[in-house]
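My notes follow in the order I took them.

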Amino acid sequence: MITVEKLHKTIKKRKILSDVSFTVAQGECVGLLGPNGAGKTTLIKCMTGVLHYEQGNITFHSKPIAQHKQDIGYLSQHTDFKPWMSCAESLRFFGKLSGLDAAVLQEAIPAVLEEVGLKGKESYKVEQLSGGMKQRLGIAQAILHEPQLLILDEPVSHSIRSAGTK
């Protein structure tokens, strides 16, 4: 499904990724483990097209990953939900950014909120949500467009940060 081959990334003259290679098969769940500063988020940002890399290849179904951005669901470690927006408004905003039209969103938003355990919370403002609910909203945002590949960058950090702990 996804192949990373001999990936190299430098930021401000510091080598962050050096000769990283691996393959993830369809249906496989993979976690990146390592100390802070090891390059996990940098690798994820390269895989999602947020960052460009100097050398190597990332392919999805044997084609360059850049051709498949619409097939990737991504939950960054710092999702920027606006506190004054409701859950439904937030998902509508991110859904439009993913290229979904209004008719699809009208049907998909209630279904995805139910799937992540937020049924009945459509009109709750983000600022009213608990840390765990914000985490669920982030997952809803990442899966709203039914991606083939789901990438979560430190998904448990959302509720921790929301609780005021760092």
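**Helix 2 and helix 3**

I began with helix 2 (residues 87-97) and helix 3 (residues 102-115), which pack at about 125° with their axes 10 Å apart. Helix 2 is therefore oblique to helix 3. I took axes as lines fitted to C-alpha atoms, for helices over the stretch in contact, with angles from 0 to 180 degrees between N-to-C directions. Under 35 degrees counts as roughly parallel, over 145 as roughly antiparallel, 65 to 115 as roughly perpendicular, and the rest as oblique. Helices (H or I, at least four residues) and strands (E, at least two) are DSSP runs, numbered from the N terminus.

I noted that this is a predicted model: local features need pLDDT of at least 70, side-chain atom pairs count only at pLDDT 80 or more, and totals for chains, interfaces and linings use all residues. Residues are numbered from 1 along each chain as its sequence is written, and side-chain values use heavy atoms, with hydrogens and water left out.

The crossing of helix 2 past helix 3 is right-handed. Which residues of helix 2 meet helix 3? I listed Cys 87, Ala 88, Leu 91, Arg 92, Gly 95 and Lys 96, against Leu 105, Ile 109, Val 112 and Leu 113 in helix 3. Contact means heavy atoms within 4.5 Å. The residues of this contact are seven nonpolar, one polar and two charged. Ala, Val, Leu, Ile, Met, Phe, Trp, Tyr, Cys and Pro count as nonpolar, Asp, Glu, Lys and Arg as charged, and the others, Gly among them, as polar.

**Helix 2 and helix 4**

Next I checked helix 4 (residues 131-143), whose axis comes within 9 Å of that of helix 2 and crosses at roughly 30°. The two are therefore roughly parallel. This crossing is right-handed. Cys 87, Ser 90, Leu 91 and Phe 94 of helix 2 touch Leu 137, Ala 140 and Gln 141 of helix 4. I counted five nonpolar, two polar and no charged residues there.

I then traced an open antiparallel sheet of four strands, in the order 2-1-3-4. Strand 2 (14-24) and strand 4 (63-64) are at the edges with a single partner strand each, so one side of each has no neighbour in the sheet. Two strands pair if DSSP finds at least two bridges between them.

Strand 1 and strand 2 run antiparallel, joined by seven bridges. Lys 9 is opposite Leu 17 in strand 2. The pair forms a hairpin with two residues between the strands, and Lys 12 in the turn has a positive phi of about 50°.

Strand 1 (residues 2-11) pairs with strand 3 (residues 55-60) over five bridges, also antiparallel. I found Glu 5 bridged to Asn 57, and Ile 2 opposite Phe 60. Helix 1 (residues 40-48) lies across strand 1, strand 2 and strand 3, at about 120° to strand 1.

**Whole chain**

The C-alpha trace spans about 45 × 35 × 25 Å along its principal axes.

Key. Left-handed = near helix turned anticlockwise from the far one by under 90°.
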